[in-house]
Amino acid sequence: MRILFATSEARPLIKTGGLADVSGALPAALRAIGLDCRVLLPGYPAVLAGARQARPVSRLDGLAGGTVATLLEATMPENGTPLYILDAPELFQREGGPYQDVAGHDHPDNVLRFAVFSQVAARLACSDTPLSWHPEVLHCNDWQTGLAPAYLRLAGHATPTVMTVHNLAYQGIFPPEDMTTVDLPAESFSLNGVEYYGSLSFLKAGLYYADRLTTVSPSYAEEIRLPALGMGMQGLLTTRGDELVGILNGIDTVEWNAASDVHLPYTYTSRALAGKSQCKLKLQQDLNLEPGRDTPLFGVIARLANQKGLDLVLAVAEGILHRGGQIALLGTGEKTLEAAFHDLCAQHPGRVAAVIGYDEGLSHRIEAGSDIFLMPSRFEPCGLNQLYSLRYGTVPIVHATGGLKDTVEDGVTGFVFHEPTPHALWLAVDRALHAYTDPKAWKRMMRAGMSRDFSWEKSAREYETLYRGLVG
Ligand code: ADP
């Protein structure tokens, strides 16, 4: 079975969040169970520099905005997954991140950039494809590829499409005038089409035109049908409820393996945990925290965004410190949150470390070196850090939402609280601190988490079933 997996980021080439982890691992997991899955990525500088054996295979024209582009064929580093790259220098070869410039502002032409990307995904999946390889299913991911199912359907092509929502909060909304930029027929700007509360929404387009909708955990698939987390899409998602499923993300168990992780100063396993204590001491040293084997060390790694509930962490921080704990945070994002953690760190030298930035190696060292991981997200489609934590014997404290609820067992592998309030988080922290004082029980909890299987194979099989249902 041939699957084209269109995505705007995939690790190790380009990453801003969980989408990249999924796009880096799921296609390889699908290939491992016998599917011919290939990835399509935009040609950002990091992708062009990091892809293996890139060579041009086709020139693409007739795209939105008069864009002329080259399609490159290459392979992903590390796992060798076949890769197509949309090389459109005017759209993708620039400084900054995939969606924002160096100053953190959205690229002003994002509407054109991802319309063209979606157009190319649709073209590769239709009968007019310039490739000799014809995908049987086009799998789109998040708003950046949301127009692809619309282009296919509106041009009368029948290739089945899957739209996966990794985070419903990002909807690709643009003013109605942009309908001319994206080259879609004016009639499609309607309730039964790409229109969303008077604007154009790429995600709405995908949710409306794709044959099947998925999201990244069963609980989130339920939650987004209701107003609280439906972000305005709940009506459409309820109408299409029979075509919406939640498939839990896996994790890359080679990259995240404490027994062989190249980022760690010491390695360990669930049977031989000594290396974890050494990782903790080294982390404390590296982050200028007071050394202490028995000090409960709370790790936090997150995009500093309202979604992640970091204001709740700030609200309980003094309490944690008062009880003898330490906090190690790694994150980047909203300036007010960056400043707040910076201040907390300045006020408590040796007790709080706040590294503002993006650092993959350090994220592994915090996962390994911490005792407890804080993830009080207001909503969480799946969440990966709680899974990395479980695998690394770092007991997670999570809010009962989305994938957090589906993966952490209260009192067995972690601590779950039910209201996103400082008080509820504090009660969970208090329970964790209490449990931490009993080393035997604590180790049992660490090992319970480490024994859980979050490898990709199970999820890959669920996607396979979904694809087979579409192809017949
Ligand atoms: P989201 O996709 O909403 O950001 P996830 O938990 O699904 O949240 O995935 C986040 C991914 O990004 C994880 O792999 C996490 O380790 C990583 N990450 C987030 N912030 C940083 C950072 N500052 N440095 C390194 N890795 C980070």
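Colleague: Which residue is the bridge partner of Y196 in β10?

Modeller: In β10, S199 is the bridge partner of Y196. Please bear in mind that this model is predicted.

Colleague: What makes β9 and β10 a pair of strands?

Modeller: Two strands pair if there are at least two bridges between them.

Colleague: Why are β8 and β9 called edge strands?

Modeller: The open sheet has three strands, in the order β8-β10-β9, with antiparallel pairing. The strands β8 (173-174) and β9 (195-196) each pair on one side only. Helix α6, residues 202-209, lies across β8, β9 and β10 and runs at about 60° to β10.

Colleague: How do you know that helix α13 is mostly covered?

Modeller: A residue counts as buried under 20% relative accessible area. Eight of the 10 residues of α13, which spans residues 360-369, are buried. Among them are L362, H364, I366 and A368. The buried residues pack against α10 (274-286) and α14 (385-391), and also against the strands β13 (297-304), β14 (326-333), β15 (352-356) and β16 (372-375).

Colleague: What caps the N-terminal end of α13?

Modeller: The cap is D359: one of its side-chain oxygens lies 3.2 Å from the backbone nitrogen of G361.

Colleague: Why is α10 called oblique to α13?

Modeller: The two helices pack at an angle of about 120°, with their axes 8 Å apart. That angle makes α10 oblique to α13, because roughly perpendicular covers 65 to 115 degrees and roughly antiparallel begins over 145. The crossing in which α10 passes α13 is left-handed. At this contact, K276, C279, K280 and L283 in α10 meet residues of α13 including L362, R365 and I366.

Colleague: Why are α11 and α16 called oblique to each other?

Modeller: Helix α11 (residues 310-322) and helix α16 (residues 422-436) pack at an angle of about 45°, with their axes 9 Å apart. Roughly parallel applies under 35 degrees and roughly perpendicular from 65 to 115, and the two helices are therefore oblique. Their crossing is right-handed. Residues of α11 including L312, V316 and I320 meet P422, L425, W426 and V429 in α16.

Colleague: Why does R444 count as exposed?

Modeller: R444 has 58% relative accessibility, and exposed means over 50%; R444 therefore counts as exposed. This residue lies in helix α17, residues 439-450. The C-alpha atoms of R444 and T413 are separated by 8.7 Å, although the two residues are 31 residues apart along the chain.

How values were computed. Residues are numbered from 1 along each chain as its sequence is written. This is a predicted model: local features need pLDDT of at least 70, side-chain atom pairs count only at pLDDT 80 or more; totals for chains, interfaces and linings use all residues. Side-chain values use heavy atoms; hydrogens and water are left out. Helices (H or I, at least four residues) and strands (E, at least two) are DSSP runs, numbered from the N terminus. Contact means heavy atoms within 4.5 Å. Axes are lines fitted to C-alpha atoms, for helices over the stretch in contact, and angles run from 0 to 180 degrees between N-to-C directions. Buried means under 20% relative accessible area, exposed over 50%, partly exposed in between (1.4 Å probe, protein chains only). A polar contact is a pair of N or O atoms within 3.5 Å; within protein, one must be able to donate a hydrogen and the other to accept it, and residues adjacent in sequence count only if both atoms are side-chain atoms. A crossing is left-handed if the near helix is turned anticlockwise from the far one by less than a right angle, and right-handed if clockwise.
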